[in-house]
Amino acid sequence: MKQIQQGDQHALSDLYTHYGRPVYSLALRVLNHSGAAEEVTQEVFLRVWDQAEKWDPARGALITWLLTITRNRAIDHIRRNRRQPPVSETALDDMPLHASTPTPGGSAWTDGQLIRELMERLPEEQAQLIELAFFGGMTHSDLAETLDLPLGTVKTRLRLGLQKLRDWWQDANQNKT
Amino acid sequence: MNHKTGPEQPDCASLRDLIPAYALGAVDAEERAQIEAGLTYCPELAEEIAAYKELTDAIHFAAPQVAPPPELGARILNAVAPAPAPEPVRIVERQRPALRFGWVAAAVALVLLAVSNGYWLVQLNELRSEHFQISERAENQRRLLDALGSGSANEALLTAAPSNQVPQAVLNWTFDPDGLEWVVLLSVEGLEPLAAGDYQLWLMPDESDSVISAGLFSVNELGRGSLVFALDEPVTAYQWAGITAEPPGGSPAPTSDPLVTGIIQG
């Protein structure tokens, strides 16, 4: 990142080589549109180029920072272009995989696979709320309005789903060590 | 101006129930403001947030991995690379002396066109890059200003000692999850426009006698002004705020008594 701050384009190229796929994949998951996902991916890397000094390693991993920006930009894109994602029953695993090369190794990507498996164990209505909230950028009120559910029901289901997910996640990580 | 008359003790148990959704980014603006105000009084909330943040960080990786189009990387690098200098055009003299002037004039015109096109290509690339950056910053600022002005952001009132009369100032603050910092809006009214000099906002951290400068601002003919600045921690980490009139460009430390001052309470 220091090299990027100094205007080293090779460093930006390396960064894209390492993280272009997860950034694009998250943007595509949120936007369900490859053209928009390309735009957001470009915005994210241009932002890194312009504001590399904003990343503080003490606050977390670089990839997490990149993906946080990606999700925020993608959700802004939805709101800016009024391109609301359809209320879909499609689970994460049903999204088509176009890549034939293996995904990057490392715990981050196995964590992602684990999350997907744990989400499948949740009751459908809880999993749907988590997906719409996270990948659709929806708040409690948005979810209640979109799904025509009482606000209290949305809050309870979302909380219970996330509590279960967190408990399973912590158990799975303890079993790993 | 709305302002709190005093701190209300939040219901920590109710706020704790909102933490999972807060970590996911799914709370409404008012809920977010309640949680962030409650962090000072309910220290257990921060631990909950950290625990759920590990989970939500992992959810970022749950999107199925899809390779981007091969040309996307080149497009990104082209957007940051400077445009190449245009190729020089060779001027060739014609055999017919009677037409020489016309051909030379045309060739010179072509050179000028190529050079100006190259110049405009550089400008266009720079403008495109700048446009992305400005659009992104504008969008981020719009979101933050919406949150600051919505009435649901955290708020603290500063007043002119010793009374409650004008001049007055209000601090509103909200958390910017993008920049991972706190964005603060100072709104003032009732200050006299300065003929020369700037108003300067000072913050005193907890358990410290020194003050830090938060920035300079001016007021209009109605005595109203504002200042937006960023902090690494909530404004409630500072016990006191005050505004002084300083020479143009500000001062390293206050040079006069504060015109507006107040204890910061979340």
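1. Contact range in chain A. In this predicted model, take the contacts in chain A between residues at least 6 apart in sequence: 69% of them join residues at least 24 apart.

2. Make-up of chain A. Chain A has eight helices and zero strands. From the N terminus on, its elements run α-α-α-α-α-α-α-α. The chain holds 177 residues, and 49% of them count as buried.

3. Confidence. Chain A has a mean pLDDT of 80, and 79% of its residues reach 70 or more. Residues 84-105 of chain A are the stretch to watch: pLDDT there is below 50. Beyond near neighbours in sequence, that stretch still has 39 contacts in the model.

4. Thr139(A). This residue sits in the loop between α6 (124-136) and α7 (140-147) of chain A. Is Thr139(A) buried or exposed? Its relative accessibility is 13%, so Thr139(A) counts as buried; the cut-off is under 20%.

5. Partners of Thr139(A) in chain B. Leaving aside neighbours within four places in sequence, Thr139(A) is in contact with Ala26(B), Val27(B) and Asp28(B). With Asp28(B) there is also a polar contact, side chain to side chain, at 2.8 Å.

6. Helix α3 of chain B. This helix covers residues 44-59, which is 16 residues. From first C-alpha to last it reaches 23 Å, close to the 22 Å expected at 1.5 Å a residue. Buried residues in α3(B) include Leu45(B), Glu48(B), Ile49(B), Tyr52(B), Leu55(B), Thr56(B) and Ile59(B). An α-helix has 3.6 residues a turn, so residues three or four places apart point the same way. Also buried in α3(B) are Ala51(B), Asp57(B) and Ala58(B).

Notes. Residues numbered from 1 in each chain as written. Chains lettered and ligands numbered in written order. Heavy atoms only, no water. pLDDT = per-residue confidence, 0-100. Contact = heavy atoms within 4.5 Å. Helix = DSSP H or I, 4+ residues; strand = E, 2+ residues; numbered from the N terminus. Buried < 20%, exposed > 50% of the residue type's maximum accessible area, 1.4 Å probe, protein only. Polar contact = N/O pair within 3.5 Å; in protein donor to acceptor, adjacent residues only side chain to side chain. Expected span 1.5 Å × (residues − 1).
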